[in-house]
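Good morning, and thank you for coming. I would ask everyone to look at the sequence and the structure before we go through the charged and aromatic side chains.

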Amino acid sequence: MEQKELHGYLACSPFLRGCPLAPEQVRLCTVRAGQIVSDRQADAACVGLIVSGRVEVYSIALDGRDILLNTLETGACFGIANLMGEGELDTVLRCACDTRVLYIRKTALLDCLRQDAALALHYAALCNEKLQFLMRRIELLTMQSCRGKIIAYLLAHQNAAGTVADTGSREELARALGVSRAALFRELAALQNLGALRTEGSTLTVLDSGLLEELLYHPAGTK
């Protein structure tokens, strides 16, 4: 790999853009759809940068159920949260489609952090974002009400126009929320009948945030 090619790959990452890595410190791999992604390559602990494709991050519950925690796309990194640790990732990473991953040795990235204060601060900010994201996911997944989970998701992910983007298929959304597909369809239909939501294919649009908040915080009659 040439240095120019490496810089091109790093440029897709807001975190690693401009990081002074050398070609011998990285390895580009292709992982097929459905395969599990590891944060180790050639017996070395690594951070993975997704160059193209999509990786789904799962947590395995004690009863064996897999819970979708996050979806990582081009420019996202995995292995960042345990950069300072020796252990492997506790989560399971699976490719949703053929994915190219640039593996970066942890030791090389740690050297860059030691030499570049701005990069170290950027890493700290990234960890803070990941922590806040996980706190929101925990709050969502520990809700007991199916309707509450769905409403909290809609309110958190709507844009200024009320559109909830990137929900994926209904099956993917149900897995992300930890509810059954049937329950998801039932509650989306109920919210649409109440005039709080519009569903058009895979697109969800919040029509009445105030009503959704009322249903969330005063859940009389929710299922």
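Let me begin with a question: is Asp111 buried, partly exposed or exposed? Asp111 is partly exposed, with a relative accessible area of 36%. In these terms, buried means under 20% relative accessible area, exposed means over 50%, and partly exposed lies in between, using a 1.4 Å probe and protein chains only.

A word on the source. This is a predicted model, in which local features need pLDDT of at least 70 and side-chain atom pairs count only at pLDDT 80 or more, while totals for chains, interfaces and linings use all residues. Residues are numbered from 1 along each chain as its sequence is written, and side-chain values use heavy atoms, leaving out hydrogens and water.

Now the overall picture. Along the principal axes, the C-alpha atoms fill a box of roughly 60 × 35 × 30 Å. Of the 223 residues, 41% are buried. Contacts are heavy atoms within 4.5 Å, and among those with a separation of 6 or more, 68% join residues 24 or more positions apart.

I turn to the salt bridges. Side chains of opposite charge can pair when their charged atoms come close. With a salt bridge taken as a side-chain nitrogen of Lys or Arg within 4 Å of a carboxyl oxygen of Asp or Glu, a search of the whole structure finds five.

Asp111 takes part in one of them, meeting Arg114 at 2.8 Å, N to O. The two are three residues apart in helix H2 (residues 106-115), so about one helical turn separates them. Arg114 is exposed, at 63% relative accessible area.

In a second bridge, the closest N and O atoms of Arg186 and Glu187 are 3.8 Å apart. Arg186 is partly exposed at 40%, whereas Glu187 is buried at 1%. Arg147, Arg186 and Glu187 are linked in a network of salt bridges. Another bridge joins Arg198 to Glu200, with a closest N to O distance of 3.6 Å; Arg198 has 35% relative accessibility and Glu200 has 48%, and each counts as partly exposed.

Which charged residue is buried yet has no salt bridge? Asp39 is such a residue, and the nearest side chain of opposite charge, Lys106, is 4.8 Å away. Asp39 sits in the loop between strand E2 (36-37) and strand E3 (40-41). Setting aside residues up to four places away in sequence, Asp39 touches several others, including Phe78, Asn82 and Glu88.

Rings of Phe, Tyr and Trp (its six-membered ring) pair if their centres lie within 6.5 Å; planes under 30 degrees apart are stacked, over 60 edge-to-face, and the rest tilted. The whole structure has two such pairs. The rings of Phe15 and Tyr123 have centres 6.1 Å apart and planes at 40°, so this pair is tilted. Phe15 lies in the loop between helix H1 (3-10) and strand E1 (26-31) and Tyr123 in helix H3 (residues 117-141), so the pair ties together parts 108 residues apart in sequence. The rings of Phe78 and Tyr103 have centres 6.2 Å apart and planes at 80°, so this pair is edge-to-face. Phe78 belongs to strand E7 (residues 77-78) and Tyr103 to strand E9 (residues 99-105), 25 residues apart. Both Phe78 and Tyr103 are buried.

Technical notes. Helix = DSSP H or I, 4+ residues; strand = E, 2+ residues; numbered from the N terminus. Lys, Arg positive; Asp, Glu negative; His and termini not counted.
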